[in-house]
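Here are some notes on local geometry for your review. Please read them alongside the coordinates.

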Amino acid sequence: MAKRFPKSVPPESVSTLRERRTFPFFCEVYVPLSPQVFTYGVAENSGIMRGSVVWVQLAKRKPMLGLVAKVISEVPSFNVKEAVPHASHYVFDERYMEILEWTAKYYLATPMQALSVFLPRDFGKYLDALVANMEIPEKPVEVIASPEFTGEQKVAYAKLAELLEQEGFRGTLLHGVTGSGKTRVYMELAKLALSEGKRVLVLVPEIGLAPQTAERFSAFLGFDVPVLHSALSAPKKRLAWLSILSKKAKIVLGTRSAILTPFAFDLVIIDEEHDSSYKQEDSPPRYHAREVAFHAAYKYGALVVLGSATPSLETFYAANSGNLSYLTLSRRATETSLPAVHLVDMHKKARLQQAGLLLSAELREALTRTVANGYQAIILMNRRGYSKSRVCAECGSTFYCKACKIPLVYHKQYGGLLCHYCGRLYPLNMPCPECGSSEYEFVGGAIEKLEEEISEWVPEAKVVRMDRDTTQNVGAAEKILSDFRDCKYSVLLGTQIVAKGHDFPGVQLVGVVGADSGSGVPDFRAGERLFQLLSQTSGRAGRAKEGGEVFLQTNKPDDPIIRFAIHHDYAGFAKEELLSRNEAMYPPYCKVASIELGSKDENMLHTKANAFGEELSKKAGLQVLGPVDSYIPQVKNVFWMNLLIKAPSAAVIRQALAKLPQDLDVRVNIDPL
Ligand code: ADP
Ligand code: ZN
Ligand code: ZN
């Protein structure tokens with residue numbers, strides 16, 4: 001039984017503190033998301049030092065928790081209130097403080113912004129649990145015997161074990177084809193590290209993979225491994241944090257933000273290291289978990305293991321140039337072959353008038369066969385909603401979001417037209433704003449329509465759809481995946497989230513509907529992303545049993561990226577892609593940052609953005625692309641322009657961006673994905 005503990009409330013004294021100037025010391029405090037560093041008074045014998053967790057009051061607001069950046073003795077020229085230590089007297093160590101400050105600096109954010117992702121919102125409650133001495137139950141887990149290593153696994157493990165014994169920074173790419181048994185190698189390495197008293201952090205991509213991998217680790221190690229991810233229940237999350245804060249945790253498994261916890265690892269394993277969920281894109285600091293891991297490993301010594309079947313080109317390049325060691329698993333651990341990949345040329349099909357169907361006859365037959373034989377299938381279609389756009393039957397005009405000027409997508413599930421940028425829902429039957437007609441047609445099918453087609457054409461199939469619209473509730477994604485694993489469904493239909501590293505032994509068929517380069521977004525990573533998506537999705541087929549099959553429906557059967565993907569040719573893909581990145585000067589051959597500038601005033605935006613671009617292009621070593629209108633030039637009536645800058649190093653970029661334009665919304669993204 002978990003002990004109850006009091007709610008996190010500041011001591012009475014904080015809100016009654018009066019401002020004054022007579023303190024023996026003062027301190028500068030980082031408060032999550034506050035606009036600046038604030039100064040507070042430090043009372044005699046308070047024990048406050050750098051890293052201390054303190055209660056502070058900003059103006060007349062409710063007291064909040066912050067972290068002490070430093071204690072100073074100079075008396076400020078203004079009156080200050082007192083900083084009161086949290087009852088736990090918790091002090092974060094120098095390593096934690098340094099990583100916090102480094103992350104802020106590297107990604108051009110403030111320590112206060114960084115703190116808002118380093119500390120969970122209910123952090124105070126975890127400290128209270130610490131004060132209440134809440135127990136961490138140690139539940140033994142029944143150990144499930146693992147198969148003997150294959151020859152390749154043995155070689156890879158031996159090398160990793162050797163690296164583990166060394167000091168300082170060590171980094172490895174474990175490049176193993178899908179199903180080659182990388183997880184099996186990680187688990188053995190983690191066990192070895194734990195037996196030597198080392199701390200192990202395991203990172204997995206967002207969406208569904210954490211519980212499955214945690215279960216595998218727990219069953220291998222014989223105890224419950226603490227987990228941290230966004231869909232965790234509150235008590236589990238508290239337990240994980242408690243074991244980290246109390247320094248009892250020896251191993252932690254989590255998604256992106258687990259890298260930011262005060263867990264001083266000696267070994268960090270980043271599974272599916274190419275996955276884009278390791279990068280925070282929406283708010284500052286726009287950090288990449290891999291970069292933070294490297295920083296910590298360089299500074300404090302650790303072994304970094306990056307695993308993937310389709311490594312990011314940055315990582316592959318680092319391995320090729322000797323900055324990382326390189327280990328491969330070239331065959332599937334279960335001795336099954338990689339699946340046979342068939343191309344279905346939809347361009348030809350379209351000319352044959354396919355009656356507006358998304359599902360090709362080839363894929364439909366394969367689905368029918370797979371379901372009849374009692375196997376499962378995964379179908380990927382990377383387009384949410386029912387149809388791409390609604391078009392007026394009278395005058396042919398497309399319906400756009402008024403605030404964002406992009407075509408609205410019909411969602412049957414919501415019974416309306418949805419803007420994918422601002423989320424506004426418009427009624428389906430609104431009259432045409434151009435001609436007033438209320439007749440309309442839908443153009444271009446999306447995943448909800450594909451779901452209907454499958455149910456209609458393969459009625460034996462039990463289909464479950466997994467996309468942003470069916471996984472809004474906490475735990476929904478996990479439930480779909482576990483139901484599919486338990487064979488409650490025969491077909492898992494989803495957007496790219498189904499491509500991730502799942503291991504479903506029953507899946508013999510994979511179909512990709514609309515396997516084409518990008519969504520039209522001009523982006524130097526589009527090719528890499530398509531290759532990863534196709535290879536990773538294909539890799540879900542035939543993992544346990546011979547005879548896995550993949551059908552790729554595409555309009556561009558001659559696209560070189562698609563050719564490399566169907567032949568499982570990562571090396572060929574990487575060689576060609578690196579060549580073109582080198583020619584056009586893109587990462588890994590340089591550092592890139594994108595700067596989004598926004599304003600409601602379109603004219604001012606243009607003037608200021610152009611002036612900023614001019615200024616940047618005068619700086620030495622910098623190449624400036626833009627400013628151009630952003631891919632989505634207007635969101636909720638705010639206009640956006642974008643600049644891309646290239647430089648030989650991150651330091652050059654940081655220096656160039658030291659002064660940003662005033663009076664505009666500015667979003668800086670270092671190493672954008
Ligand atoms: P990856 O992480 O490379 O995708 P996994 O570790 O998930 O691969 O392994 C894929 C499948 O192969 C799993 O079902 C796993 O149980 C099985 N497997 C792993 N190692 C072995 C082995 N040495 N012998 C037999 N099966 C194995
Ligand atoms: Zn019209
Ligand atoms: Zn909109």
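1. The model is predicted, and local features need pLDDT of at least 70, side-chain atom pairs count only at pLDDT 80 or more, and totals for chains, interfaces and linings use all residues. Residues are numbered from 1 along each chain as its sequence is written, and side-chain values use heavy atoms, with hydrogens and water left out.

2. Two cis peptide bonds deserve a check. One joins proline 587 and proline 588, with omega about 10°; proline 588 sits in the loop between α17 (570–584) and β24 (591–599). The other runs from glycine 626 to proline 627, with omega near 10°, and proline 627 belongs to strand β25 (residues 623–635). Most peptide bonds are trans.

3. Methionine 585, in the loop between α17 and β24, has a positive phi of about 60° although it is not a glycine. Its relative accessible area is 32%, so methionine 585 is partly exposed (buried is under 20%, exposed over 50%, partly exposed in between, with a 1.4 Å probe and protein chains only).

4. Aspartate 671, in the segment after β27 (665–670), also has a positive phi, near 50°. At 14% relative accessibility aspartate 671 is buried.

5. Serine 437 lies in the loop between β18 (425–427) and β19 (440–445) and is buried, at 11% relative accessibility. Its side chain reaches the backbone nitrogen of glutamate 439 at 3.1 Å.

6. Helices α2 (residues 94–106) and α3 (residues 111–118) pack at about 120°, with axes 8 Å apart.

How values were computed
Chains are lettered from A and ligands numbered from 1 in the order in which they are written. Helices (H or I, at least four residues) and strands (E, at least two) are DSSP runs, numbered from the N terminus. A polar contact is a pair of N or O atoms within 3.5 Å; within protein, one must be able to donate a hydrogen and the other to accept it, and residues adjacent in sequence count only if both atoms are side-chain atoms. Axes are lines fitted to C-alpha atoms, for helices over the stretch in contact, and angles run from 0 to 180 degrees between N-to-C directions.
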